[in-house]
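This briefing is meant to be read with the model in view. Please look over the sequence and the fold before going through the points below.

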Amino acid sequence: MKTTQCDKVLAYMRHFGSITQLEALQDLGCMRLASRISDLRAQGYPICRRMKTSKNRYGEDVHFAEYYLKED
């Protein structure tokens, strides 16, 4: 059976604790992380989002989402 992008995103979060769009693109080749997160939520996975801030190459603030599995 072929591993889907949802499977890969879920495994990544379980292994590393969280995932960002940049990590999804670089490590998994997933261009639409928010869509995969939506798919996983529809399947019943308790995924949370926290907004993070970092600097880009020009020293400007950039904001991005980091997704993680909610722990019970």
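Which strands does H1 lie across, and at about what angle does H1 run to S3? H1 lies across S1, S2 and S3 and runs at about 90° to S3, where angles run from 0 to 180 degrees between N-to-C directions and axes are lines fitted to C-alpha atoms, for helices over the stretch in contact. This is a predicted model, in which local features need pLDDT of at least 70 and side-chain atom pairs count only at pLDDT 80 or more, while totals for chains, interfaces and linings use all residues. Residues are numbered from 1 along each chain as its sequence is written, and side-chain values use heavy atoms, with hydrogens and water left out.

**The sheet**

- Helices (H or I, at least four residues) and strands (E, at least two) are DSSP runs, numbered from the N terminus, and here 3 strands form an open antiparallel sheet in the order S1-S3-S2.
- S1 and S2 (47–55) stand at the edges with a single partner strand each, so one side of each is left without a neighbour in the sheet.
- Two strands pair if DSSP finds at least two bridges between them, and 9 bridges join S2 to S3 (residues 61–69); Cys 48, for instance, has Tyr 68 in S3 as its bridge partner.

**The helices**

- H1 and H3 (residues 33–42) pack at an angle of about 90°, with their axes 10 Å apart, and they are therefore roughly perpendicular to each other, a description that covers 65 to 115 degrees, whereas angles under 35 count as roughly parallel, over 145 as roughly antiparallel and the rest as oblique.
- Residues of H1 including Val 9, Leu 10 and Met 13 meet residues of H3, among them Leu 33, Ile 37 and Leu 40.
- H3 also lies across S1, S2 and S3, running at about 160° to S2.
- Leu 33, Ser 35, Arg 36, Ile 37 and Leu 40 of H3 are buried (under 20% relative accessible area, with exposed over 50% and partly exposed in between, for a 1.4 Å probe and protein chains only).
- Just after H3, Gly 44 takes a positive phi of about 100°.

**Ser 18**

- Ser 18 lies in the loop between H1 (5–16) and S1 (19–20), and Ser 18 is buried, with a relative accessible area of 13%.
- Leaving aside neighbours within four places in sequence, Ser 18 is in contact (heavy atoms within 4.5 Å) with residues including Tyr 12, Met 13, Arg 50 and Glu 66.
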